[in-house]
Amino acid sequence: TWCGPCRSMAPNVIELSASGVRVAVVDVDRVPEAAMRYGVEALPTVVVFLDGRPVRSAIGYHSTEELRALAAG
C-alpha cells in the first residue's frame, strides 16, 4: 500500500492477468515469510515460477509488455 512503484504497476499486473497469465500479488508487509523465502529485498519484485519453482525475477517498475516478456521467458 505504501510502495509507489507497486501502485503504479498494479494496472499492468491486472492487464497481464486479464490476458490469461496466472498472477499472484503478495503484500510482503503482511506475508514477510514470502519475501524471505524468495529473497525479495526491494519493491516491486516480480518472481516468475515454472512448475512451482522460481525461474527468474526482476526488480522495479515494469510495463505490461515487459511483464509479458518476463513471464514468457
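Tutor: Let's take the labels one by one and set each value against its definition.

Tutor: Two things before we start. This is a predicted model, where local features need pLDDT of at least 70, side-chain atom pairs count only at pLDDT 80 or more, and totals for chains, interfaces and linings use all residues. Residues are numbered from 1 along each chain as its sequence is written, and side-chain values use heavy atoms, with hydrogens and water left out.

Student: Why is Thr 64 called buried?

Tutor: Buried means under 20% relative accessible area, exposed means over 50%, and partly exposed is in between (1.4 Å probe, protein chains only). Thr 64 has a relative accessible area of 4%, so it counts as buried. Its place is in helix α3, residues 64-72; helices are DSSP runs of H or I with at least four residues, strands are runs of E with at least two, and both are numbered from the N terminus.

Student: What does Thr 64 contact, leaving aside its neighbours within four places in sequence?

Tutor: Asn 12, Glu 15 and Leu 16, where contact means heavy atoms within 4.5 Å.

Student: And what makes the Thr 64 and Asn 12 pair a polar contact?

Tutor: The term needs a pair of N or O atoms within 3.5 Å; within protein, one must be able to donate a hydrogen and the other to accept it, and residues adjacent in sequence count only if both atoms are side-chain atoms. The side chains of Thr 64 and Asn 12 are joined by such a contact at 3.5 Å.

Student: Why are α1 and α3 called oblique to each other?

Tutor: Two packed helices are described by the angle between their axes and the distance between the axes. Here the axes of α1 (residues 4-18) and α3 come within 9 Å and cross at roughly 50 degrees. Axes are lines fitted to C-alpha atoms, for helices over the stretch in contact, with angles from 0 to 180 degrees between N-to-C directions. Under 35 degrees is roughly parallel, over 145 roughly antiparallel, 65 to 115 roughly perpendicular, and the rest oblique. That is why α1 and α3 get the label oblique.

Student: Which residues make that contact?

Tutor: On α1, Met 9, Asn 12, Val 13, Glu 15 and Leu 16; on α3, Thr 64, Leu 67 and Arg 68.

Student: What about Tyr 38: where is it, and what does it touch?

Tutor: Tyr 38 is in the loop between α2 and β1. At 32% relative accessibility, it is partly exposed. Not counting residues up to four places away in sequence, Tyr 38 touches Phe 49 and Pro 54. Its side chain also makes a polar contact of 3.5 Å with the side chain of Arg 37.

Student: What stands out about the backbone at Pro 44 and Asp 51?

Tutor: Leu 43 and Pro 44 are joined by a cis peptide bond, with omega about -10 degrees. Pro 44 is in the loop between α2 (32-37) and β1 (45-50). Asp 51 is not a glycine, yet has a positive phi of about 55 degrees. Asp 51 is found in the loop between β1 and β2 (53-59), and its relative accessible area is 73%, so it is exposed.
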